[in-house]
Every structure is written in C-alpha cells, then in structure tokens.
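I opened a notebook for this structure and kept the entries in the order in which I looked things up. Each entry covers one topic.

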Amino acid sequence: MQHDDLLWDLLGNKQFCSFKVKTKTQNFCRNEYNITGLCNRSSCPLANSQYATVKEERGQCFLYMKTIERAAFPFRLWERVKLSKNYERALEQIDEHLIYWPRFIRHKCKQRFTKITQYLIRIRKLILKRQRKLVPLNKKVERREKRREEKALIAAQLDNAIEKELLERLKQGTYEDIYNFPIHTFDKALDKQDEESETDSSEEEDDEDVGQVEYVEGDEIDESDLSDLEDNLEGEEEEEEQEQEQEQSSDAEELEKEPSTSKGKTPVKGPAHKKRPYVEIEYEQETEPAAKVTSS
Amino acid sequence: MAAARKRERPGTEPEAQAQAQAQAQAEAQAQAQAGSGPPPVPQFPPTFSISEIKNKQRRQFMFQRWKRARRQEQLAAKKKRQKEREALGDKAPPKPVPKTIENQREYDETTVDPDDEEVAFDEATDEFSSYFNRQTSPKILITTSDRPRGRTVRLCEQLAKVVPNSHVYYRRGLALKNVIPQCVAREFTYLLVINENRKVPNGLIVSHLPNGPTAHFKMSSVRLAKELKRRGKDPSSHSPEVILNNFSTRLGHSIGRMFAALFPYNPQFVGRQVVTFHNQRDYIFFRFHRYIFRNEKKVGLQELGPRFTLKLRSLQKGTFDSKYGEYEWIHKRHEMDTSRRKFHL
C-alpha cells in the first residue's frame, strides 16, 4: 500500500507542492500527467498510485497508465497506449484498458480525449484558412531606409520635374487646342527664322547695302492719330478680353488666384493708360505677319 | 589673448611637456633664424595629430585653429580659381560637374533602350497589352487588411477619388484567394490592398486581375489630403493624366506600365489633374496635382490628393499567392543593398 493519503495530506494541504498554482478561487496543478488540471485529492498524480491520463503528441493521442506495481521503477512507471484515430474506436480502447478502474478516472479520461480531438479538428480547420505571418522589422534597416527616402525626395525635386514634364507635353502639342499659347510658339518659331535670316543677310549683304538709297513705307500709325487709336484699341481689347474670358471661364472655375499676367478685365485708369497703347501697337504689328504666314 | 594662452599652457601641462620642449626648441631656432617678429607657429613632429592631445580645452583650441586655417586656404583657392575663370572668359574649361548618386549609378544591364525591339515586342504581348491596345478599360477594387483603422479607411476613400472607376470594399476577414475569382467574374481589372500595421497604412499590394502580375510595395510617408499644406479643393471626377518618371530598367518598365494601366487610357485634359509616379533611387513618389498653365513657360501646381512613397518589395507573376506563386523579383537585402549606387527600378 502506497502512502497516498499521507502524501496528499502533506502536498495538498500542509506542505509545499511545486506543481500547485494557487488563485483566489481555485487551485490548479501544473503536473503534465494531471487529468483534470485541478489540484484535488482524486486528480493528483502524485497522491494516486493508480492513475491514468490521455495526452496528445503531434496530433497522436496516447493513454498513459500508472499502477502501484511499478511504483518502485520510476523509469517504467507510465505505460503508454496509442489510441486509434477513430473517435468511437478510441473510446472503446480506453474502456478496454481501464476496465475495473475507478469510475472517476475512466470518465475523466474520456472527457479529456474528447476535448483533445476537438481542438485538433480546430487546428486543422484554421490551417486551411488565412494565416498571418509576422515579419520582424530590423530597426537599423528601417532607419536607413527612412533616411534614404528623405534624401531621394530631396534629389527628386518633384515639383520641378512635374512642371518640366507638363511643359514638354504642352510643347509637343498633346493638349492640342485647349490652351491659347500656340501663338507664342509661332512667335518663337518666327523669331528663330528671323534670327537665321538676319544672320544670313547680315553676313552676305552687309557690304552691298552700304550707300544704296531705298524708299520705305511710313509707319501706318501716326502720332497725331493716337487719340483715335486709343479708342480703337480699347474696342479691340474688349473683344479680345471677351474671347479670353469665355475660354478662361471654363478653365479657371476653381482657381482662386487670377494670374497676374492676364490682361485686366477692367480697363486700367491713370498713368498706365498712356503706356498701354504703345505696348498694344507692338503686339498687333507682330501678329499681322503671323497671320500672313498661316494663310500662305 | 590666444597668443598669450599659447605661451602659458605648454608650461603648465604635465603631459604636454614634451611638446613644450619641442615648441621651445622650434621657437628658439626660428627666432634665432628670423630674428625679430611675432613668434612663428611651432613645428610639431610629423606623427603628431591633434586628436592625441589629452586636454580637452587645448585640443578644442588647436582644432579650431586648424579648421580656421583650412577654411581660409579653401576660400583663397576658390577665389583664385574664380579669377582665373573670369580671366579666361570664353576659353575657360567647362565647370566640373559635381558627382551625384544618379551620376555615379552602377550600370544596370537591364536598362531599357528606347528603340529596343525586343522590349517593344515583349510589351506588345504582355499582360497589359490589352489595356494599351484599348481593349479593356480599368476597373479597380480597393480594399484593406482586416479591421482597418481610421487613417487607412480615409486613405482608401481618397484613393477612390483619385483613381476613376474604383470601388472600395471592406475586407471583413475574407481570404484574398476567394475574393480574386469573384473579382474576375465581375470584370475587375485591378485589386489594390492596403495593408495596415498599428493604425497606419504601411503596405500596398497591386494585383492585375485576369492573371497578371502582383506587386507588393512598402508604403511610407502617407499624408492624407487634409494634412497637406496649400491644398486645392476636392478633386473633380475627370480622368487624370499620368506622369511616369525615371523607370529605366526592364523591371521599372513593367512596374511603370502597371501603374499606367490603373488609369483610363484617355485623360480628360479639361480636368487639369495629373497623377505622378516619380522613381528616384528605387523610391516611387506618388503625387496628385492640379495644374494650370500661366503662360507657355510657367505652370502652377496645386497639390490635391494623398501622397505617399512606395518601395518595391516583390513582383510575382500570377495573381496574389504568397506561398506557391512564382516570383519574378524579390528584394533581398543582403544581396541587393550592398552598394549605395545600385538601383533596380
């Protein structure tokens, strides 16, 4: 007869048991062979010389049994039986091996086995679903990448790059006739042509023209007619402005700031008034030859 | 005062006595040779370095003096060079170009030549060709990882405004493998998944749907629209233009085409909105602007939508399948991050 009662008296109640975990309401037993997990007289594997458990290893369930005959041989103490994968068959096996054993242990073994099979099923189901993979972040690498990103941002000069690209597209004509600027590109082309012709002519005809008398047309606009001109120009400007307004209104619906270079919608009064006709005259003269070029 | 200190210190320091002796000898010699005049700078033995002086105050003083002298030398050299340049005028040699990382970039053999036929042929037959041949128009599904927080949700909404013809759906724990066949059935062309970590979006998966490549990016520096300074009003529903900058290698080309196929083929120029994907040193910067041409030389830009940076982590051939997919390119830190001048995009 093993001194079970004595052991229980000491471990369970009076002395220290290293497997015991005390909480406010209950005591638990951390022994790996414990069948219920609670610290009880009937569940303590140390205080019961005839004991059985069901344990699971890598998805396989085993029935462990301990009998008093082997109490002197700790190495051979626990006898292990592999249980079948079939649930009912395994229950029959438990019954068969634990025949004539106390009812409590038989019952608890079957309960434990049921629980184990249930959680094994759940594991198999979860594996099929999505699995979250945790990737560790290397702090040094993160810091380095952040710094490199900052430097790349500075090197990129994004605003300049975007503006350059948009201007390129405008020049190539991807926007076709949406914008009013092509006139200036014509001007540029004209200027280039003028430069070329000037350089050519200056090189070739420099010597020839010296001394020759030529009669040239007077300017179309006389200074005495300036007052009439101003009225005409104002009328023409208003027409131009109306055209531009129609075009700009569709574009500039959401812009809050008006570009300062656009021609003012209201005629400017005061000292600027005198300067304007002079500027307008030049503009008109340049557009006339442009019109001639397009028509021919 | 500095000169006075110079003469007093060597006498008081016990450790610099050897120097003091050397100084005294040098000074004596120099004075003997030169005669009158201010005491010359002491000649130290050539193995001496300022960092070996143990006294911190003295060390700092010597270092400052050395630095000042060096700075003056450099300024003098610079002025001399400038004068020479002016004197030469037109004949001056061209200014030396400073070295930048982009200049010094290691040559990548997969860089695309603009008139490479093989590349052109590949691009005519790859998964995006149907988009570029105008057979399919894009339809995008935007979703997140499980249980998104506020920032991610708002980013999704803003992205939905930037990209036309896009729909935002909540994830609700669905597996992507099941989502993808449903998307294909409903004729979506793109799946965008924004991954989140600790309440902040940090990853982006772009998957071209019929059976196209999947790219996985790391997303950083996310700024939502309302956090931007000098922002314009809400974006309109016109299709934006697309700008793709600096995608030079084959890999970069395919990523660039992937981004381009997100947007409808015909941008509405009336809307004046532009989406930019700018690649610099393997970081792709995403920006969304509204532009206006002030004259033929100046453009005004107004930033509208969200902005973020992407860094490519992997490119996989089929649709999203992280376990059994065939990867075209994975970023391997120990192999690819060894040189500062090597970039892959």
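I began with salt bridges, and I took a salt bridge to be a side-chain nitrogen of Lys or Arg within 4 Å of a carboxyl oxygen of Asp or Glu. I noted that this is a predicted model, in which local features need pLDDT of at least 70, side-chain atom pairs count only at pLDDT 80 or more, and totals for chains, interfaces and linings use all residues. I also noted that residues are numbered from 1 along each chain as its sequence is written, that chains are lettered from A in the order in which they are written, and that side-chain values use heavy atoms, with hydrogens and water left out.

**Salt bridges**

My search of the whole structure gave 22 salt bridges over all chains. I looked up B:Lys311 and found that it forms a salt bridge with A:Glu145, the closest N and O atoms being 3.6 Å apart. This pair crosses between chains, since B:Lys311 is in strand β10 (residues 307-316) of chain B and A:Glu145 is in helix α4 (residues 139-156) of chain A. For these elements I used DSSP runs numbered from the N terminus, with helices being H or I of at least four residues and strands being E of at least two. B:Lys311 counts as buried at 11% relative accessibility, and A:Glu145 counts as buried at 12%; buried means under 20% relative accessible area, exposed over 50%, and partly exposed in between, with a 1.4 Å probe and protein chains only. I then saw that A:Glu142, A:Glu145, B:Lys218 and B:Lys311 are linked in a network of salt bridges.

A:Lys110 counts as partly exposed at 25% relative accessibility, and A:Asp95 counts as partly exposed at 30%.

I also looked up A:Lys14, whose side chain meets that of A:Asp9 in a salt bridge (3.3 Å, N to O). A:Lys14 is exposed, with a relative accessible area of 60%, whereas A:Asp9 counts as partly exposed at 30% relative accessibility.

**A nonpolar patch**

Which residues form a nonpolar patch on the surface? I found A:Tyr119, A:Ile123 and A:Ile127, with about 280 Å² of accessible area together. Patches are made of residues with over 30% relative accessible area and no salt bridge, with like charges joined within 9 Å and nonpolar side chains (Val, Leu, Ile, Met, Phe, Trp, Tyr) within 5 Å; the areas come from the Shrake-Rupley method with a 1.4 Å probe. A:Ile127 lies in helix α3 (residues 103-128) of chain A, and at 48% relative accessibility it counts as partly exposed.

**Helix α6 of chain B**

I checked the length of helix α6 (residues 150-162) of chain B: at 1.5 Å a residue its 13 residues should span 18 Å, and the end C-alpha atoms are 19 Å apart, which agrees. The expected span is 1.5 Å times one less than the number of residues. The buried residues of this helix include B:Leu155, B:Leu159 and B:Val162.

**Positive phi**

I noted that B:Ser221, in strand β5 (residues 214-223) of chain B, has a positive phi of about 50° although it is not a glycine.
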